[in-house]
Amino acid sequence: MTHQYMEVNNKKVEITGNEKNILEVVRNMGIEIPTFCYHSELSVYGACRMCMVEDERGNLVASCSLKPQAGMKIKTHTKKIMDTRRMILELLLANHHQDCTTCEKSGNCKLQELAVNMGVKKVRFKPRKPWQDIDTSSASIVRDPNKCILCGDCVRMCSEVQGVGVLGFINRGPNINVVPAFDKPIADVDCVNCGQCVSICPTGALTIKDDTLKVWEALSDPKKKVVVQIAPAVRVAIGEEFNHTEGSNYLYKSVAALKMMGADYVFDTSFSADLTVVEEATEFLNRVVKGEKLPQFTSCCPGWVTYAEKNCPDLLSNLSSCKSPQQMFGAVFKKFFAKKMNIPTEDMYVVSVMPCTAKKFEAERPEMSTDSYQDVDAVITTVELARMIRKMGIKFEELEPASLDMPFGFSSGAGVIFGTSGGVAEAALRYAVEKLSGETLNEVNFREVRGLEGLKEATFNIHGKDIKLAVVSGLANTQQLIEKIRKKEVSYDFVEVMACPGGCIGGGGQPVPNTSETRVLRSKGLYDIDAKSTVKKAQNNPTIEKLYDEWLKTPNSDEAHYALHTHYGHKKRIGGMEIKDEAKENANEKIVISVCVGTNCYLKGSYDVLQELIGLAREHGIEDKVEFKGTFCLENCSNGPSIKVSDDLHKYGVQKEETQKFFNNVVLPRVK
Amino acid sequence: MHKTKTVQEPLRNFAKVKEIIEKYGTERSALIPVLQAIQGEFRYLPQEMLSFVATAMGIPQAEVFGVATFYAQFSTQPKGKHIVQVCDGTACHVRGASDIIKKFKKDLQIPEGKTTTDDLYVTLETVSCLGACALAPAVVVDGKVYGNVNFEDVARIIVTMKESDDE
Amino acid sequence: MSKIFEELTREAVNTPKIPCREFINAKLGLTELNEEKSKLAEELSTVYRRESGVFDCQIALCKGTGCHSSGEVALCQKIDEVLKEKGLRDKVNIVETGCRGFCEMGPLVEIFPQHIFYCKVKPENIEDIITKTVMNGQVIEELLFDGIPIAEQIPFYKKQVRRVLKESGHINPENINDSIVHEAYQGFLKATKMTPEDVIAVMKDSGLRGRGGGGFSTGLKWEFTRATPSAKKYIICNADEGDPGAFMDRSLLEGDPHKIIEGMMIAGYAIGADEGYIYVRAEYPLAIHRLEIAIAQCKEFGILGENVLGTGFNFNVKIKQGAGAFVCGEETALISSIEGKRGMPTVKPPFPSTSGLFGKPTSINNVETFANVPLILNKGVAWFRQVGTPKSAGTKVFAMTGKIRNTGLVEVPMGITLREIVFEIGGGLKDGAKFKAAQIGGPSGGCLTEEHLDMPLDYDSLQAAGAMVGSGGLVILDEKTCMVETARYFMSFTQNESCGKCIPCREGTGRMLEIMERIVIGKGKMEDISLLEELAHTIKDASLCGLGKTAPNPVLSTLKYFHEEDLAHINDQRCPAGECASLRIFEIVPELCKGCSKCARVCPNNAITGEIKKPYVIDQEKCIKCGACESACPFNAIKVG
């Protein structure tokens, strides 16, 4: 093939024809073209106009959407281009809440960086809109609309990669904004807290909910015993915050830093991941034996769990009942370790360092509370830990590594690879194969499920039985897979789901840039640790064995179920929506009958039930004593149509043909 | 053009929305026609209807809301029983449409910063070009076009509009 | 004549309202007529063309939006009533046509066979029209335009070359027969006898350029779309006529919908598409209504659907209603809108010709462009190029509005001068005012001044003058129009209609508007001028779509041609045209004031004081510049500066 060339800044450049766009050609030459809205993993949006280059005719063209062609001549930094970029930045800054010194994103903000680099010295325009309220409703994400530059990165991330689509543009022209559906607080919409929007936001418009203050407070409280757990994916990423190589293991430096801050105990979440493997794989084997509720979906990813609760009520019983490693860790320490060490439970403060923003939400879930306390008290992300290290002035580079506390600091390689997509499946296989075959497993590497592709499938013949696995990451991929499972186009026995692309290593709490390149290195880092570890199977972790001996007896025992398992329920997809009633004003002594007209119940005929009830009330002349309401989702979807009489949810729903009966048996007696 | 319904629309008729969706289908490209039909029915797009449309058509709620707020034809706020549209296209503008708008605003007692009277009686909208430039300035009340409108006409138009209530 | 008619009536199903079906079939190439019959049929069509007929007379009423809202309905009822009263109803035919373009003078009524053209007809004139004109052939002078009885002799029509508008206003747009008799679908039939490549070649030779704004070669656009291999392709007719001040697309759709459908069919045949969408503004209910009728009738006649007129070509047309967004006139935004999304433009490339509607190759052309297509195919390239200039061939329809005497739609050869349009066709300015400028091309265009009066109007000359043909909106401005305010108006329009996607347009137009708003209230500064220019260049160079790229044009044009007006606002806080309300100064001329106190009584802010029978004075501090005193003064004693 003949070589093809184009010209960039009067320099001949060879093009292969495989480059996505001019931007890539120029960046490959070592010239940085600034962008806000271009990300190789998202669709081309073309809105920020920062990547404009000048063509031969002196016109500016966006390099993100232009394919290189032989003979093309472009320039990347002419006066016209520089003036345009500077003006764009000036225009953005004018409407931007410039509280840079106190902004979370300061130092990591693309707008700030480019404004400095492009030499924007002065902003000649005043803010056009009054500042809007900051949305702090979510446990994981803070949204500050005053810093949004409307690049739409979060919108595309949320819909294209995560398939959730909670963020969207509203209005147009000067009033355009990026908001959750109906401009509701994030906590009231479908958000699964994955934090991918935060990772991609170029400014401080979307940030991680800061929980470091809570942690500092606990650390400085002499009464509190602070127990810290560090998740697997944190160790291979935190170095990036300190300009270290991606993927290297900084677990022990992190331990040292936490100890310097005053943590009483620092352990490894990989330990409780080992525990999860044993519990979850046992649960799986039981299901396989009984042949029920298959495929078993993993439940260690809180983003996925929330997604399933909001979108897949039909699959909830297929989710493993195991708590995630983070929550198991909390339960073990508060229920077992505290007693053992004679620490009053109320004085024990469990902090998790997680690559994940959804873990913050998970820790606050009411389901994660037994014996009237939460398993985990505070969750900070990798990025927040780095911030704490900087805040304390610790020179991370010069830090002497310190070892984890024992005995829960010990973990198997299986627990470590939990941090990457495919890791949970592989860890479970290392357990399940041994249990099913009754023979010692020597080859522990299941390479079929490794790698960062969105969907991996494998079938293993174990002791004459085919076990079909799917490993999926990214919720958009998950959505597609679930559709196929629902349509019975595919069938599996075990499905590992991670909400974030590539698994926890690509979590929303990880350092930025959080791109596929960095994820590859982080993933490799975890497999390297596994390769070097002496114990590679969870069941061989001596601490785990001890835990069962001293406390839990056997996997899936009643004790284990009480402490380490949980349950899931339907969750409203959107909150704060009620439909006005048809009744008159003086509603004081009325019986309120609420009928759900959410999608699920509606399709089951709830609207007809409601109409019939209204008709019956009229017939019996009790219209003035009953007030009818249509409502959205009473969180009883599987038994719909759901009806609530005053405050009592009629649990088994009322089918259309039962309306008359329901009216006679439930409504009429109440009226009389 | 606009159906006159009682102002306090109670329990919204989901059956109607279901019918509309069945008529247009659940293809993504049917979204705008569906919203137009709902708006035609209710004179605005109630939030719960949008939420219902989103689930029924399998489109994220945020996107449905995004479409509903992008186009000038849609309103997520209840509109008045009567709709007065004053054209502010170029031809109308140079023939004094802005004064006509002011006059309507005053005579209809539209509160400052709003487009609809508090009792949901009338909504005043400015529209960009009705294509009736020869009649500039043009006004449309409940679908009826009035051309070459001057100050005196405004009062007359309002009287006619009010008279239609009795019919 | 009636003999022929009777003969044909015997041979075929025929009524005066529906021409011989056999003839229609022959026209559509479905059957062949023998020589004798075809002669008869031709003559029938002549009958049908109202040259004569079973009716002694015909009354044609314009039912375009302009005339319709000026009271056409009442007229129609009244005519029907009076005719019945006089027992003439079955002798006189009433036809409601599409727009005749002379909207200013509506409602328009034309009486056949005499061709007498009446303007501004009111219901009370009907009695007279019927007794005098219809029954006795007398002309009613008061209803004529400038005493000219025949439409074609009125200057407004005389200078025009009505090609795409030819049938509009003469045929009944709700009756497909009427269109077919007037050569509809002949271009399509000719096209199907050629290869698609030859059709494209004809289009390229014709030199037809997009009539919607950009002026891109229609033939080339088709060629690109044809060149992209795909089993599915689309044709889109862009009828989202959003330019404030332009209404030619509306009139075409209302007056001659079949021309547009035919144009789309030819395009579909040429590029290999079997489906077309007409994206039309919801603000045009009448156009939508007529399109729906036209499409239904086409299906009935086998003109749309499978195996169109036995040619083996399949084509269907769907109507999509816009929902109110100017930016949807931008082709990629329009596609997003049809797909059910927010109407935000997307990056080009990929161009719609490679990846358009639902990701398939798509050719988007505007209404007027499509209207030209059948004519080119039917009458040939040479005919088409007879008018216009070599680089801008054919005609262009302009919507002439503003301070002009004859508002309306005019179709003129490309290359005509502004002077001819304004002073000959338009009849000069209203109330004899002085011509100041013509704003052409709407919010994307610019101003033409006195110095441009003799410049030929074509794509290239206009671009060179900093304006553009755009969709053809032509707003005539007089001395009382403030150019700064006009520029501000357009800026506020584009700012409102900006989709908000790209930063230069969203933020930049907002800032330009902010500055313009400052200037019109006299609070502008000299450095604002350079800031405006700086912003304008960024927006022009860097915006994503055409809306943004052209948004600064009105301001730039004002800066270029009316700089002194900008300076007057900035330096002297004065509006030379006296239009900018907050810069107006109201003063009472003592010599003229009789001291009647009327002004003081109407002043809402009690700014006028004085003694009866002595000159009154306006307190400038208190004056809110509402102008109430000016209209109240019976002696014209209030001077506005």
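The rule finds four salt bridges across the interface of chain C and chain A.

The model is predicted: local features need pLDDT of at least 70, side-chain atom pairs count only at pLDDT 80 or more, and totals for chains, interfaces and linings use all residues. Residues are numbered from 1 along each chain as its sequence is written, chains are lettered from A in the order in which they are written, and side-chain values use heavy atoms, without hydrogens and water.

Next I took the interface as a whole. I noted 30 residues of chain C in contact with 32 residues of chain A (heavy atoms within 4.5 Å). The buried area is about 2,700 Å², 57% of it from carbon and sulfur atoms; this is the accessible area (1.4 Å probe) lost on putting the two parts together, summed over both.

Then I turned to the aromatic rings. A:Phe267 and A:Phe408 form an edge-to-face pair, 5.8 Å centre to centre with 85 degrees between the planes (centres within 6.5 Å; planes under 30 degrees apart are stacked, over 60 edge-to-face, the rest tilted). A:Phe333 also pairs edge-to-face with A:Phe408, at 4.9 Å and 65 degrees. A:Phe267 is buried at 0% relative accessible area, and A:Phe408 is buried at 3% (buried is under 20%, exposed over 50%, partly exposed in between; 1.4 Å probe, protein chains only). I logged A:Phe333 as buried too, at 0%.

Note on methods:
Salt bridge = Lys/Arg side-chain N within 4 Å of Asp/Glu carboxyl O. Phe/Tyr/Trp six-rings, centres within 6.5 Å; stacked < 30°, edge-to-face > 60°.
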